[in-house]
Amino acid sequence: MIFALAGNQNCGKTTLFNQLTGSNQHVGNFPGVTVERKEGVVTRAGRGAIPRLWHRMRQEERHRAFHEAARDNALREARDAMREAHEDRRRLGEIRVVDLPGIYSLSPYTNEEIVTRDFLLDSHPDGIINIVDATNIERNLYLTLQLIELHIPMVVALNMMDEFRANGGTIKIKKLSEELGVPVVPISAVKNEGIDELIHAAAATAAARQLPARLDFCSGAVHRCIHAVAHLVEDHAERIGVPPRFAATKLVEGDAPMMERLALSENEKDMVEHSVTEMEQELGTDREAALADMRYCFIDDLVRTAVVKPGESREHVRSVRMDAVLTHKYFAIPIFLAIMLLIFWLTFGVIGSFLSDLLSTGIDAVTASVSSALGAYGLNPVVHSLVIDGVFAGVGSVLSFLPIIVVLFFFLSMLEDSGYMARVAFVMDKLLRKIGLSGRSFVPMLIGFGCSVPAIMATRTLSSERDRRMTILLTPFMSCSAKLPIYAMFTMAFFPSHRALVMICLYAGGMAVGVLCGLVLKNTAFHGKPVPFVMELPNYRMPSPKSVFLLLWDKAKDFLTRAFTVIFIATIVIWFLQTFDTRLNVVAAGGEASMLASFGRFLSPIFAPLGFTDWRASTALLTGFSAKEAVVSTLAVLTGTNTATLPAALAGIFTPAAAVAFLTFTLLYTPCVAAVAAVKRELGGGHAAAMAVCQSGLAWVVAFFVYRAALLFV
Amino acid sequence: MHPIDYLVLGLLALLVVLAVRYAVRHRGRCGGGCAGCPHADGCRSPRKRDPGPK
């Protein structure tokens, strides 16, 4: 039994999905968090006998089909029927839910709407669970009426009832259900109320194949038009498995994909157009407005009879007051910068650095213990070096930065979960328009501060191809979290008293260079205006501990996975190349005769104008292409140090001015191979290669000027 | 080289094989946070992907 979860954005779909399936799904307040569907199996107890009954019924059908096919010697059909019966038996009692993207209508204007509509029309779920936000019922019911037209068993889950009732509102559930012609179940997904009743109602509706009792919400000219078109296209609609009423409504709206799908003849198209034109003339309005008006008239009447609205909710009043300050015309951006500065100070200057130092001490203690133990067992010196100077030094140097990453994302997830990040996207819209983008592009860029790869993929939410391509090219300038260990190590070594300030300068610098590149692209390769930006600002709310914890757990898990895979492999390769020469003879520690030193010396003249001529620096930058954290682990291995002693070793390789240039180069040069691969998937190999080369060139030029400027001060 | 050397090298070789195997199986993934990623569903192996609705 498969259900589709459909509803507006921020109506609580993903919260409900989590409650139903127990999956770790992220709950976000701003657009672009969910684009593709997610599936899960309902794990709640008390799923009940209904799914089992449903599966038994389906099994009986399958067995009947099998016997008929066998009787008619249709072996293939018989085999298919039996295979499906086995499948049903295996899935006995299983209810699956598919979390569809948040949409406001079933018109195919955005990728989210297309994904949802295609799923509902082509995948034929057994039922729809339409989540409606009770605190915003009119807007949510607009989608409900369109979903009803799909003529699929459906249940309306009236969410956020706790908030609605707490503010003094009431809803006549039975009246609402009668008028809509579908069961309505009040729930509170965040408080886990009404969920079992919802599952029971949904399963019963789907098992009984209880279709919506009402399809007609129109009257007058719209009614006549829709029914005329429905009669005209009935056979075409049935041929492709689309409800005629739904097909007719879409044709009246001027839905080109539906027109194409129905494959109408020219004569039929003319007749449809004639009906629609008559309606427009009679009503004195265009077709889309006529249909929207029809639906909202019905909704207004329904709400008037079935809903007693509360006064403005406390949450909304509080949100409006906070927005007066946080989205103020002049104060919004300074406030945002101040909040980010505070977060950076707490992360790099207080909490994160303290925890990181603690972890470093622990890692060093473990390394020393292992080294003693291996020495006591009489391990071969080369093998001993591989384990201690290679693996432990390399991986350990990266692991010590885990607390910094966790603390940073703790604060960022608190901001996101509270609803503030949605406001930031709104505030950034004005600034982004100056470089030819809209506030919608801010979402992928914000994700880019975590990792460029999901950020690049998140650009699929942008409806404009121009905006999408430009955002992909600019997102790598948003410094990803993999570079944090590099920044943290160098600030510790060269700027211990100004860590937070240096960090924020790096992040701001990356964004500034991104803005400049945006201006160049806007006036050259990406002419044109960005699309309009419409976004819902949900109420501010207390961050959910569960959501914050889930995000932190995912972040930590990803970091540890990379440390013990990519970094681990890179560390061993680096150790090998720097321990042996071309004839596989062991060279002295830090020796200039190793394979790596030979290759590094070949590269180092390129970076001489930037102030760092040591071959180890250029080699470390090269390994950063595999994973940015590898820069730190490579430096640790090449200098034969650990987390505690690496800062001192760096002082022997870099001057302070060269360190600034190195950090600048790291900030701006090509992203890691995974990010380049993501760009290749989205834009093609040519664009990806050009981006990597141009970014590296730009990084070199900027680092050169930064070095020259830094020489004046240090 | 003593037996302990071969043991340690063997263990490291096994870890490298496992790491390479993991990296190859998850190539095309970002290796980054699935939470918050709009395309997390697309990262699963087709073999493990749920068959989806009929």
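A residue is called buried here when its relative accessible area is under 20%, exposed when that value is over 50%, and partly exposed in between, as computed with a 1.4 Å probe on protein chains only. By this criterion Asp467(A) counts as buried because its relative accessibility is 1%. The model is a predicted one, in which local features need a pLDDT of at least 70 and side-chain atom pairs count only at pLDDT 80 or more, whereas totals for chains, interfaces and linings use all residues. Residues are numbered from 1 along each chain as its sequence is written, chains are lettered from A and ligands numbered from 1 in the order in which they are written, and side-chain values use heavy atoms, with hydrogens and water left out.

Helices (H or I, at least four residues) and strands (E, at least two) are taken as DSSP runs numbered from the N terminus, and two strands pair if DSSP finds at least two bridges between them. In these terms, chain A contains an open sheet of 6 strands with mixed pairing, in the order E2-E3-E1-E4-E5-E7. Its edge strands, each pairing on one side only, are E2 and E7, the latter formed by residues 184-186. Neighbouring strands of this sheet are turned against each other by 25 degrees on average, direction ignored; axes are lines fitted to C-alpha atoms, for helices over the stretch in contact, and angles run from 0 to 180 degrees between N-to-C directions.

Strand E3 of chain A, residues 96-99, is covered on both faces, with Arg96(A) and Val98(A) buried on one side and Val97(A) and Asp99(A) buried on the other. Strand E1 (residues 2-7) runs parallel to E3(A) and is joined to it by 4 bridges, with Phe3(A) standing opposite Val97(A). Strand E2 (residues 38-41) is likewise joined to E3(A) by 4 bridges, but in this pair the strands run antiparallel, and Glu39(A) stands opposite Val98(A). Elsewhere in the sheet, 6 bridges join the parallel strands E4 (residues 127-133) and E5 (residues 154-159) of chain A, where Asp133(A) stands opposite Asn159(A). Helix H8 of chain A, residues 195-207, lies across E1, E4, E5 and E7 and runs at about 165 degrees to E5(A), contact being defined by heavy atoms within 4.5 Å.

Over all chains the structure holds 19 salt bridges, each defined as a side-chain nitrogen of Lys or Arg within 4 Å of a carboxyl oxygen of Asp or Glu. One of them joins strand E3 to a helix: the side chains of Lys13(A) and Asp99(A) meet at 3.6 Å, N to O, and the pair links distant parts of the chain, 86 residues apart, with Lys13(A) in helix H1 (residues 13-21) and Asp99(A) in strand E3. Glu253(A) is buried, with a relative accessible area of 10%, and Lys250(A) counts as buried at 0%. These two residues belong to a network of salt bridges that also links Glu149(A), Arg245(A) and Arg295(A). In another bridge, the closest N and O atoms of Arg466(A) and Asp467(A) are 2.7 Å apart, and Arg466(A), at 13% relative accessibility, counts as buried.

Arg295(A), a member of the network, also lies over the face of Tyr142(A), at 5.4 Å from the ring centre. The charged end of Arg423(A) sits over the ring of Tyr540(A), 4.0 Å from its centre; such an arrangement requires NZ of Lys or CZ of Arg within 6 Å of the ring centre and within 35 degrees of the ring normal.

A search of the whole structure finds 20 aromatic pairs over all chains. Phe576(A) and Phe580(A) form a tilted pair, 5.0 Å centre to centre with 40 degrees between the planes; Phe576(A) is partly exposed, at 34% relative accessible area, whereas Phe580(A) counts as buried at 13%. Phe607(A) and Phe612(A) form a stacked pair, 5.6 Å centre to centre with 20 degrees between the planes, and both are buried. Rings of Phe, Tyr and Trp (its six-membered ring) pair if their centres lie within 6.5 Å, with planes under 30 degrees apart counted as stacked, over 60 as edge-to-face and the rest as tilted. Ring pairs link Phe607(A) and Phe612(A) into a cluster whose members include Phe490(A), Phe654(A) and Tyr669(A).
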